[in-house]
Structure formats: C-alpha cells, structure tokens
Amino acid sequence: MAQHLSYEDSVRGVWKGLGLLALVTLVEVGLSLLKAAEFAEDLRILIYVASLLIIGLSIYKAYFIIYEFMHMGYEVKGLAMSVLLPTLLLIWALIAFFNEGDAWRKSREKVIYKDQLQAPTGGEVGLIKRDDFLLELPA
Amino acid sequence: MTEERDTDILIAEDQKPELNSDWSGGDRKPFRTSYGKLMMWYFLLSDAFTFAGFLISYGALRFSSASWPVPDKVFATVPFGINEMFPNGEAPLIFVTFMSFLLIVSSGTMVRAVQEGARENKRGVVFWMLLTVLGGLGFLGCQAWEWTNLIATENMTVTTNPFGTYVENGYYLDPETGEITDEEVVEGETYLLHLAGAAHGEEAGGEEHEGDEEHFAYATEPGDYPGYVVDGPRADGTGTADAKPFIHRKYVLADEEGNLLTDEAGNNIQLTQEFGPVAFGALFFGITGFHGFHVATGVIFLLIILINAGGGVYVARQNGYEMVEKIGLYWHFVDLVWVFVFLVFYLL
C-alpha cells in the first residue's frame with residue numbers, strides 16, 4: 001500500500017490520476033478523428049504520426065494503470081519484473097504475426113492475379129499436337 | 001496497522017497446526033507480498049497473454065486484408081438517436097468514448113475502495129465498491145446496446161460483415177437507369193450494405209443516399225438490376241439460396257483525377273460493392289465479447305466481496321481488506337485490457 005503518502009494525498013492522487021487518464025483518452029480520440037478527417041487523406045505522414053502517438057499514449061495509459069492504480073510502483077522490484085518482463089515475449093509475437101499477415105495479403109493478391117490470367121487457347125498452343133498422342137489401333 | 005500474516009484465512013488459536021504445515025516456508029514472504037496478491041498478479045499475467053493472442057491475431061488478419069472498415073464509420077451511432085444531432089447523423093467514436101470513461105471512472109472508485117479498506121473503514125469500502133459495480137453494469141449495458149445495434153440494425157454478424165471499404169476510385173451507377181452519375185466512389189471510404197426493404201436502414205447510409213435518388217425505392221426481389229444487385233435466390237434458380245437480400249450498388253472505376261478507366265476493349269470497368277472482410281465481425285464480437293465476459297465476471301466477484309465486506313467478514317481478518325485489494329487488481333486489469341481493445345478496434 002501507499003504508506004509513503006498521507007491519506008489525503010493519496011485520495012487527491014486518485015482524482016488527479018482519473019483526470020489524467022480521461023484527458024489522455026480525449027487526446028487519443030481527437031487524434032483518431034483527425035487522422036480519419038477528409039483533408040488527412042493526402043497526408044500519409046499525418047496518419048502515421050497520429051497513429052504512433054495514439055499507440056504511445058495507450059501504452060502510457062497502461063503504464064499509469066499498472067504503476068499507480070494497481071500499485072505496482074510500490075511493490076518490490078522482483079515482483080514487478082517477474083510480471084512485466086514476460087510480456088516482452090509479445091514483442092516478437094507482434095513482429096512475427098504482423099509480418100505473417102502481410103505475407104498472407106501478398107500471396108492472396110498473387111492468387112487473384114494468377115486466377116485472372118487467360119490460358120492461351122487454339123491449335124497453336126503447346127509443343128505436342130493432339131494428334132501426336134493418339135495411338136492408332138491395329139487394323 | 002495490520003499484524004503480519006502469511007494468509008488471510010483466520011484459524012482459531014486452538015485449531016492451529018503445531019507443525020508449520022502451510023506452505024509459507026518461513027517468516028519471509030516472497031516479494032514481500034501475500035500469496036493471494038502474488039497469485040492474482042500471475043493470473044493476470046496469463047490472462048494478458050490470452051488477450052494479447054487475440055489482439056495479435058486481429059492485427060495479423062487486418063494486415064492480411066486488402067481493406068478494413070474505418071472505425072469512425074462503423075462505430076458512429078449513439079442511443080436515443082443522439083447521433084442524429086451530428087453532421088450526416090454520424091457521431092464517430094462518441095459512444096465508445098463514453099464507455100471508456102465509465103470503465104476508467106469505475107477504476108478510480110475501485111482505488112478509493114482499496115484506500116478505505118487500508119484504513120479499515122467498512123462504510124467507505126462498501127460505498128466505493130458499490131459505485132464501481134454501477135460503473136461496470138453501466139459499461140455492460142452500453143455494450144449490450146452497441147451489439148444490439150450492430151446485429152439488429154446494421155446486420156453485422158460473426159459471419160457477415162456489411163461494412164466494406166473501397167480499394168479504388170470511381171463513380172456510382174444510377175440505381176434506376178444504370179447510367180454513370182457524378183456521385184463519387186472514394187478509395188479508403190467505408191460503406192454499409194443495407195438490406196432490401198429495410199426502410200429505416202435506407203437513410204442511415206450517409207453518402208450512398210444523396211440527391212435525386214431519394215425518391216427511388218430499391219427492389220426487394222433478388223436479382224441483377226441496372227444499377228445494383230440484390231442478394232438471394234433468384235427466380236431463374238441462380239444466386240445464393242440462403243443469402244439475405246443485401247443491396248450492392250454498382251460503380252465504374254476511375255483514376256485519381258476522375259477520368260474513367262477502360263479495359264482493353266475500351267469498355268468502362270464496372271464493379272459491384274462487396275462485403276467487407278468476414279474476419280472483422282468474428283474478431284469484433286469475439287474479442288469485445290471476451291472482454292465483456294471479464295467485466296461481467298468482475299461485477300459478480302465485486303458483488304460477492306461487497307456483500308462480504310458489508311457483512312464484516314474482512315473486519316475479522318484484520319488485514320486491511322486485502323480481498324478488496326485483490327479484486328481491485330482484477331478490476332484494473334479489465335480496464336487495462338479495454339485500453340488496448342479501444343486502441344485496436346476503435347482508434348486505429
């Protein structure tokens with residue numbers, strides 16, 4: 001528990017924390033609407049920057065909830081690390097599966113492209129003519 | 001204020017085992033915390049991996065799709081018709097932001113309950129936990145409305161996703177005559193396919209229903225019409241037998257400057273609106289449903305501990321309402337997961 005703070009201070013801390021989380025959420029929603037706005041269509045850089053900011057703010061929110069509301073900041077370091085370090089495994093999962101998804105899209109596009117190719121037709125196609133296959137029956 | 005204990009279970013003095021047969025293994029607690037709290041942390045870690053698995057599969061499937069519904073377009077409705085007060089009748093992300101606030105505030109009231117518990121203030125614990133329960137129930141109610149609206153009004157299900165997104169530019173065909181109009185198809189824009197004959201759905205579609213076609217009524221019989229197609233079994237035996245009669249408008253392709261594109265024979269390239277990626281509906285209902293299930297479970301456990309706290313169970317334990325602290329950890333985790341569900345489904 002937060003015995004390092006007086007009761008009044010920790011109560012005030014809760015409302016301040018709530019205000020902070022609400023503000024961050026509002027900024028996130030604002031950025032999200034901004035990047036979907038019509039004038040943003042031609043500004044790809046704006047979409048990337050806004051998306052990265054939104055992701056960063058969400059991670060900050062997660063950090064704040066874990067360290068303040070869940071009191072992880074006041075636990076011993078070993079506990080915090082034994083819970084938080086395993087989540088680093090997810091970084092590789094993110095990289096691997098997002099790449100995998102991208103590869104699925106590319107192979108799907110390739111299949112669609114190949115599907116629409118027209119097979120050549122007519123007598124000129126192919127090295128072996130149809131007659132070459134036919135065996136003549138013995139008379 | 002509390003005496004040092006290895007467990008929050010009370011054992012009467014004469015019932016205490018003589019040997020140290022609990023598994024505390026000594027006076028010093030691992031990580032200087034109780035068994036219950038430590039195990040709650042590890043449970044939450046495992047649950048975080050479950051959610052991470054779901055959200056990463058969402059990411060992989062989204063990356064694998066040529067297009068993805070734009071959340072501002074999909075989540076633009078608010079109960080009581082409040083969205084009608086916004087331009088085009090669309091209130092993007094407003095309702096879901098409200099839902100987020102409910103969960104964040106209930107997280108704050110939960111911290112207050114834990115603080116009052118540390119002071120052994122029973123009334124305070126009960127009051128703040130009650131507010132937390134109300135926040136949780138409010139969130140669940142909002143989610144129920146959101147789901148009902150998506151399923152009943154907008155016809156999105158686990159296997160049908162009427163929210164498609166254009167991957168090219170062009171112009172719509174007039175639904176009645178099949179002539180090319182100046183109504184634009186814009187790359188990256190999300191549209192909602194409507195059911196034929198669903199009168200109230202016709203107005204909700206935004207850009208599809210502007211101008212002169214307001215007096216035009218789409219046919220309800222499945223078939224191929226000049227400017228649109230209606231799904232379902234057709235009179236001549238073609239079409240999909242069990243398909244709902246969704247209206248798909250036709251359009252011709254154009255380049256970014258608005259010049260019509262033609263194929264090798266010199267004809268306009270005509271396309272029909274498609275369904276959006278099927279995975280969207282399955283992922284949305286699966287993941288927000290799993291989160292909602294966590295909220296519902298959390299509300300039930302909050303109520304149990306609330307009743308226990310009110311009944312004085314934790315007064316006797318004299319451990320600073322540690323049970324409230326443990327359910328608090330779980331409740332904050334539910335809020336934490338929502339941060340990421342909100343991020344991937346609604347913000348990005």
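When its neighbours within four places in sequence are left aside, B:Phe342 is in contact with B:Val96, B:Ser100 and B:Leu347, two residues being in contact if their C-beta atoms, placed from the backbone, lie within 7 Å. The model is a predicted one, in which local features need pLDDT of at least 70 and side-chain atom pairs count only at pLDDT 80 or more, whereas totals for chains, interfaces and linings use all residues. Residues are numbered from 1 along each chain as its sequence is written, and chains are lettered from A and ligands numbered from 1 in the order in which they are written.

B:Phe342 also belongs to the largest nonpolar core, which has 81 residues and in which B:Met129, B:Leu302, B:Ala309, B:Val324 and B:Phe342 touch the most other members. A nonpolar core is a set of buried Ala, Val, Leu, Ile, Met, Phe, Trp, Tyr and Cys residues joined through C-beta atoms within 7 Å, and a residue is buried if 20 or more other C-beta atoms lie within 10 Å of its own. The most is given to this core by H8(B), with 18 residues; helices are DSSP runs (H or I, at least four residues) and strands likewise (E, at least two), numbered from the N terminus.

Between the chains, 44 residues of chain B are in contact with 43 residues of chain A. On the side of chain B that touches chain A, the elements giving two or more residues are helix H1 (35–64), helix H3 (94–118) and helix H8 (322–347) of chain B, and the largest share, twelve residues, comes from H1(B). By class, this side of chain B has 26 nonpolar, twelve polar and six charged residues, where Ala, Val, Leu, Ile, Met, Phe, Trp, Tyr, Cys and Pro count as nonpolar, Asp, Glu, Lys and Arg as charged, and the others, Gly among them, as polar.

Chain B is assigned domain 1 (13–158 + 280–347) and domain 2 (182–275), with bounds that come from an automatic or database domain assignment. The C-alpha centres of these two domains of chain B lie 41 Å apart, and their contact takes ten residues from domain 1 and seven residues from domain 2.

Chain A comprises five helices and zero strands, and its assignment gives domain 1 (1–74) and domain 2 (77–115), whose centres, taken over C-alpha atoms, are separated by 24 Å. Of the 139 residues in chain A, 14% are buried.

Notes
A residue is buried if 20 or more other C-beta atoms lie within 10 Å of its own, exposed if 12 or fewer, and partly exposed in between; C-beta atoms are placed from the backbone.
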